[in-house]
Amino acid sequence: MNGTVSTRVVCCLDGLDPAYLAATETLEWDRIAAAGATGECQGAVPSLTNVNNVGIVTGTHPEEHGITGNTCFDREAGEQVYMEDPSYLCRETCFERYADRGEASAAVVAKEKLERFVGRGCGVTASAESPPASLVEAVGEPPGIYSGQASEWVLDAAVHLLDSRDLDVLYISTTDVIPHKHEPGSSEANAWVGALDSALGALAARDVRLCVAADHGMNHKSRCVDLDRVLASEGLSGEVIPLIRDQHTYHHQNLGGAAYVYLDTSGTPATTSAGEADATGANADDAAAVADRLEGTPGVDLALSAAAAAERFALPSDRIGDLVVLGDRETVFGSLEDAGSGNDGAADTQGGVDLRSHGSHHERTVPYVSNHEIDLAYNTGAFAALDEEE
Ligand SMILES: [Zn+2]
């Protein structure tokens, strides 16, 4: 199918906060920009890896694609579950659309959990976590998924696929272990950016229409707020879902800047004078009262009803609990035990931490670059921007 037409390549550089680019030289990025365009665009809130990668490959916001975090709360089962099964996906991927018109696509990603989502409809998929033997033979054994070099392996594998196959479309997604552990301008971070930059140069040297963006940024966090304890101290009950929670706790210790709160998970909502519970279970008046109290908590930037959050951040109101809580720039949510903050009196609701994480609206601004003159408002527009260049 490909013939003389350039391969469209979308590359998601995980956790590439604009500050990392500003802190070091990026000759290849600049060269690509000079031929096309660069700038900043918005990612989805919650600013998490899967939410944004799924947004990019479906070209939609969470209200349409349905992925609202790494973890969600199953009201029927009454427990938290990992949102890792593609059955949670409510939209077709771009690869399914491209397959329908006879185009060949491939995706190389860092983590297996993401491969299952982005692989829908994709002709060839590979992850650094469990790579196919053919790729190992071609580009070597991938370093461990928690290694800083895992992203380089992903990009090497992507270049190999470009060179060895007749592809119309290629998707690449790396891992954010370095930005989680190292601040912009540190030698480790600069080495990571340098390696990514070289790989972008290798991609751009091929016959490709390239769009590179990030899923989310990254900020230093100095405060952990334990929302379970905040609720308890107010005499309230509810289930707090730390959205970043997944099976890769090495990266983030389950501490991120966004949480969903499910009030009254017993399934028998309280009634008010209006006597009506909303579709998500909790009473709207109760939710508003709890939101007010949470917004008065130091470290909490926003506590929004599901309806308000759905409208503001294009989220599906039936998959975000009763309240969406977003931290300020320095704050993560999670258990003080996980945070190891040393502030473990049962009455304490927050403590100090020293880590780098994401999840809130403070990490939604991300950089992009393309060798074509595109103008990207959201990272979800990456594939469409290249399609329009045809
Ligand atoms: Zn990420």
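Me: How many residue pairs are in polar contact between domain 1 and domain 2?

Reply: A polar contact is a pair of N or O atoms within 3.5 Å; within protein, one must be able to donate a hydrogen and the other to accept it, and residues adjacent in sequence count only if both atoms are side-chain atoms. Here, 13 residue pairs are in polar contact between domain 1 and domain 2, both at pLDDT 80 or more. This is a predicted model: local features need pLDDT of at least 70, side-chain atom pairs count only at pLDDT 80 or more, and totals for chains, interfaces and linings use all residues. Residues are numbered from 1 along each chain as its sequence is written, and side-chain values use heavy atoms, leaving out hydrogens and water.

Me: Which residues form the salt bridge?

Reply: A salt bridge is a side-chain nitrogen of Lys or Arg within 4 Å of a carboxyl oxygen of Asp or Glu. Arg75 pairs with Asp322, with 3.4 Å between the closest N and O atoms. The count between the two domains is one salt bridge.

Me: What area is buried between domain 1 and domain 2?

Reply: Interface size is often given as the accessible area lost when the parts come together. Buried area uses a 1.4 Å probe and is summed over both parts. Here it is about 3,100 Å², with 54% from carbon and sulfur atoms. In domain 1, Phe73, Arg75 and His180 lose the most area to domain 2, together 23% of what that side buries.

Me: Is Ser370 buried or exposed?

Reply: Buried means under 20% relative accessible area, exposed over 50%, partly exposed in between (1.4 Å probe, protein chains only). Ser370 has 0% relative accessibility, so Ser370 counts as buried. A polar atom of the Ser370 side chain lies 3.0 Å from the backbone nitrogen of His372.

Definitions and conventions: Buried area = accessible area lost by both parts, 1.4 Å probe.
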